[in-house]
Amino acid sequence: MTPPPPEVRDERGSTLIMALGAVTFIAITFSAVLGYQTTGLKAQAILADKRDAEAAADAGLDFGVAQLQANRTLCTNTLPEALPSWDDPVAEEVVVQCELVVASPSRRLVVLKAEVGGFTATADVTLYDAPVGIDAPTVVSISKWER
Amino acid sequence: MPRVVRIRAGSATNGPGRGFRRRRLAGARTRAPEAGFSIVEICITVAIMGLAFTALLGSMATATSTSDLMARRAQADSYGRQLTELLRGGEVKLVQCDPDLTIAEAYESALASVDPLDRFTFKVVDARATSDVTETNLDDWDLDCWTTRPLLEWVQIEVTAAGTTPVSVKVAVLLRHGESA
């Protein structure tokens with residue numbers, strides 16, 4: 001039996017191979033575009049979470065300042081002290097801490113720290129307390145607010 | 001001078017021309033299974049490419065619409081933050097409560113008057129106030145109307161970005177009032 005001519009046998013399946021090659025190329029290109037878009041989406045989601053955490057931390061600091069204004073017995077020593085936490089309805093619970101840096105009879109400089117979801121914000125707050133016996137609200141001055 | 005190729009005829013036993021015919025027949029037998037092979041190949045190829053393109057275009061369409069959704073969500077979120085900054089900065093504040101409005105309605109009305117972009121629709125969905133700062137549970141913040149400002153207010157705003165699929169984002173802000181130097 002005579003074998004078929006070699007040039008005829010070599011062409012078998014060539015269209016399929018070319019098509020598979022084209023599909024592979026297109027798939028790689030599409031995958032790259034999809035990967036790029038997915039990265040963008042992930043970045044946006046992370047950014048949104050970060051913004052929520054920032055807003056919650058800000059709220060935690062404000063809540064902490066309000067606590068210090070309302071209760072002058074808080075944050076009177078240099079050890080870190082936990083203040084009531086702020087239960088943020090949008091983000092998670094915000095842990096608020098304060099630490100006394102320096103104190104004089106009329107004023108205290110404290111550092112407030114608010115932590116939420118691995119994000120921390122700090123504020124340097126000066127509290128001007130009314131003299132003992134005088135029922136007047138504590139005045140606050142915020143010199144630094146860092147996210 | 002053109003080259004003349006002499007084709008040798010078959011042997012004397014087979015007679016002239018028989019070898020050529022046999023070769024032709026042999027060739028026809030080997031080529032016969034290839035008849036229609038290309039069309040089968042092309043059909044399979046078209047089917048594979050069709051499936052591949054359908055899947056890829058489908059995922060691209062989904063990714064594009066999701067990307068658009070996320071972009072509008074980010075814009076709405078950014079706009080919401082601007083509104084909360086207006087509240088935090090004191091550019092919009094309620095000096096006294098209007099007895100005919102809830103706090104949320106009063107804030108919505110006040111914010112609408114200074115709407116920085118007017119590109120999105122927004123609604124103050126919740127607003128609460130308290131003069132008791134030790135109260136950490138928002139549900140117990142029930143100050144509806146006040147003569148002096150409350151110490152803490154919590155305002156939640158929902159911003160909606162229009163589109164084929166509207167996107168809504170909620171942002172919230174805690175406002176602290178008190179003596180500041």
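In this predicted model, 25% of the 147 residues of chain A count as buried. Chain A holds two helices and five strands. Read from the N terminus, its elements follow the order α-α-β-β-β-β-β. The radius of gyration of chain A is 32 Å, whereas the globule rule gives 15 Å for 147 residues; chain A is therefore more spread out than a compact globule. The C-alpha trace of chain A spans about 120 × 25 × 25 Å along its principal axes. Among contacts in chain A with a separation of 6 or more, 43% join residues 24 or more positions apart.

The strand part of chain A includes a hairpin. Strand 1 (residues 81-87) and strand 2 of chain A pair in the antiparallel sense, over five bridges. Five residues lie between the two strands of this hairpin. Within the pairing, A:Ala82 stands opposite A:Gln97 of strand 2 of chain A.

A:Glu93 belongs to strand 2 of chain A, which covers residues 93-103. A:Glu93 has 15 other C-beta atoms within 10 Å and is partly exposed. A residue would need 20 or more such atoms to count as buried, and 12 or fewer to count as exposed, so the value for A:Glu93 falls in between. Leaving aside residues up to four places away in sequence, A:Glu93 touches A:Ser85, A:Asp87 and A:Asp88. A:Ala123 is 30 residues from A:Glu93 in sequence. In space, the C-alpha atoms of A:Glu93 and A:Ala123 are 18 Å apart.

Chains A and B are in contact. Chain A contributes 37 residues and chain B contributes 39. On the side of chain B that touches chain A, two or more residues each come from helix 1 (18-31), helix 2 (37-88) and strand 3 (167-176) of chain B. Helix 2 of chain B gives the most to this side, with 19 residues. By class, the side of chain B that touches chain A comprises 21 nonpolar, 10 polar and eight charged residues.

The largest nonpolar core has 53 residues. Within this core, A:Leu112 and B:Val155 touch the most other members. Helix 2 of chain A (residues 14-70) supplies the largest share of the core, 10 residues. The contacts of B:Val155 are with B:Leu87, B:Tyr107, B:Val124, B:Ala127, B:Ala172, B:Val173 and B:Leu175, not counting residues up to four places away in sequence.

The average pLDDT of chain B is 77, and 73% of the residues score at least 70. The lowest confidence in chain B is in helix 1 of chain B, with a mean of 51. The highest is in strand 2 of chain B (residues 152-161), at 91. Residues 4-18 of chain B have a pLDDT below 50. Beyond near neighbours in sequence, this stretch makes eight contacts in the model. Where pLDDT is low, the predicted coordinates should not be read in detail. For the complex, the predictor gives an ipTM of 0.73 and a pTM of 0.72.

Definitions and conventions: Residues are numbered from 1 along each chain as its sequence is written. Chains are lettered from A and ligands numbered from 1 in the order in which they are written. This is a predicted model: local features need pLDDT of at least 70, side-chain atom pairs count only at pLDDT 80 or more; totals for chains, interfaces and linings use all residues. Helices (H or I, at least four residues) and strands (E, at least two) are DSSP runs, numbered from the N terminus. The radius of gyration is taken over C-alpha atoms; the globule rule is 2.2 Å times the number of residues to the power 0.38. Two residues are in contact if their C-beta atoms, placed from the backbone, lie within 7 Å. Ala, Val, Leu, Ile, Met, Phe, Trp, Tyr, Cys and Pro count as nonpolar, Asp, Glu, Lys and Arg as charged, and the others, Gly among them, as polar. A nonpolar core is a set of buried Ala, Val, Leu, Ile, Met, Phe, Trp, Tyr and Cys residues joined through C-beta atoms within 7 Å. pLDDT is the predictor's confidence in each residue, from 0 to 100. Two strands pair if DSSP finds at least two bridges between them.
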